[in-house]
Amino acid sequence: MFKDITLGQYFPGNSFLHKLDPRMKLVLAVFYIVLIFLAKSAPAYALVFLFTVLLIAVSGISFITVLKSLKPIFLVLIFTTLINIFWNNGTTVLFEWKFIVITLEGIIRAITMALRIILLMVSTSVILMYTTSPIALTDGLEQLLSPLAKIKIPVHTFAMMMTMALRFIPTLLEETQKIINAQKARGADFDSGNIITKAKALIPVLIPLLISQFRRAEELATAMECRCYRGGGGRTRMTILHFSVRDFISAGLVLALFAGILLLNFYFPALIK
Amino acid sequence: MNAAELRGVSYVYSEHTPFCKVAVNHIDISFEEKCVTGIIGHTGSGKSTVSQLLNGLLKPSEGVVEIDGKNIWAEPKKIRNVRFSVGLVFQYPEYQLFEETCYKDIAFGPKNMGLDEKEIDERVREAAALVGLSEELFEKSPFDLSGGQKRRVAIAGVMAMRPKILILDEPAAGLDPRGRDEILSKIVEYREKTDSTVIMISHSMEDMAVYCDKILVMSDSKPYMYGAPAEVFSRATDLEAVGLSVPQVTKMMLALKDKGFAIRTDVYTVDAAKAEIERLLQTI
């Protein structure tokens, strides 16, 4: 049931992307999202698309896994595509039947929008989620945000909460699966009936899950206190992050991509007006 | 006659992903009817996978699972019926309790079977008696009970379905010595009273020696040894080769033999060891 959820999942590896400094990755990922929105002309889109494919290839994560990660946004994709195809006031009419009008502009718009969402999802998940361990990710985030601590924002606490939340996603899924199996073994039926029966069928899963999460939180808090955890003040790190040549190369590459997109936008017409 | 049989069964977790892992690899095992069979093996040797394959929670990647001579996946839509006849008690089953009262929790399985009130009531009382749970606890919340009692409620919840085969994954894990003995002897009693088959996964050689008629040793996703306890424990060196060992009393007997005493080493329960040592003392 939960085997296909890959959101927030880390794939251990040793690729160029895996070795990048998480701080650089975070900054570049944000920048990359901006780039995706900047691409306006067809060649610029092609460039971003190729670059993303290249990123996947470099990361060493199989294309099938990446495609599977799109499953949760599948409905969103279909919805945007349909809306863009049918509700568009383009001029080049391709097909007309009663109130349904399909225009060339509409189709182009639908494709670009869908592509944009896919690129957003894939690039952020490949660059960040799949190739960065949750610990490295929150470490990077904490350090990037550390200036905010000066204005009394508890950056460390938030980072710690995020680390824990990310850390326990797989555990939570595993536990849910275990409880589901246990109730299935007692004949619980999660698949048939209408929506109300189905929702009710989840009670035997949710109650034990809730109880075990409270127990786990309590145990974790005690374990942390036993090791004298009392927030971020004075804590040192086992691994100190350093920028390397690799990080500057990748920053350079993304900048080059940025320049490329601007140039292509300048010389070719935009797809969406 | 075999109660359950696995023929050429393989199971692979997360197939086609980087996390792909073979849990059981082309195994053929048959579990004898009306026997208490113990499955023992290292973490990751495939014990738990075997138990979930038997009651249809996992569908084998390859091979056939037969219960009473019938392929359980012949009609995938009726797999729920298989789960009623092959009861599976998971490790730490008390974490699956959810109802307001113990009675309702034990009744969850029979209710899912679609039985009528009277039949459910009868089964709940029977199952509670089988695990030694007093009826005073019926109206209590399962969350107010002690660990050992919670475990009993959870096991009763599966027994109430009157499965022909009862599989238990580490039924005694995390209990104190007295709790262990009580639970395990209740399980063996269940087998006698209901004429069913019991399959029990455990890490404890001592428990296996006392309660099982047959022992299946798993190693590296495959059966490694299969036979009566005496047979299995007579091969101490083979067991050690896969990181397991014989019960502690057997170890002691082997050590005594090493010291030159004329003592039997096919002893694997404390009681038998006591008798053997007494016999030896009389001859001296």
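This is a predicted model: local features need pLDDT of at least 70, side-chain atom pairs count only at pLDDT 80 or more; totals for chains, interfaces and linings use all residues.

A: Begin with the inventory: chain B holds eleven helices and ten strands. Its radius of gyration is 20 Å, close to the 19 Å given by the globule rule for 284 residues, so chain B is as compact as a globular protein of that length. The C-alpha trace spans about 65 × 50 × 35 Å along the principal axes of chain B.

Q: What share of the residues in chain B is buried?

A: A residue counts as buried if 20 or more other C-beta atoms lie within 10 Å of its own. In chain B, 42% of the 284 residues are buried.

Q: How many residues of strand 8 of chain B are buried?

A: Six of six, across residues 197–202.

Q: Which strands pair with strand 8 of chain B?

A: Look for bridges, then for direction. Strand 3 of chain B (residues 36–41) pairs with strand 8 in the parallel sense over five bridges, and B:Ile39 stands opposite B:Ile201. Strand 7 of chain B (residues 165–169) also pairs with strand 8 in the parallel sense, over five bridges; here B:Leu166 has B:Val198 as its bridge partner.

Q: Through which helix does the chain cross from strand 7 to strand 8 of chain B?

A: Through helix 6 of chain B, residues 177–194. This β-α-β crossover is right-handed.

Conventions: Residues are numbered from 1 along each chain as its sequence is written. Chains are lettered from A and ligands numbered from 1 in the order in which they are written. A residue is buried if 20 or more other C-beta atoms lie within 10 Å of its own, exposed if 12 or fewer, and partly exposed in between; C-beta atoms are placed from the backbone. Helices (H or I, at least four residues) and strands (E, at least two) are DSSP runs, numbered from the N terminus. Two strands pair if DSSP finds at least two bridges between them. A crossover is right-handed if, with the strands pointing away from the viewer, the path from the first strand over the helix to the second runs clockwise. The radius of gyration is taken over C-alpha atoms; the globule rule is 2.2 Å times the number of residues to the power 0.38.
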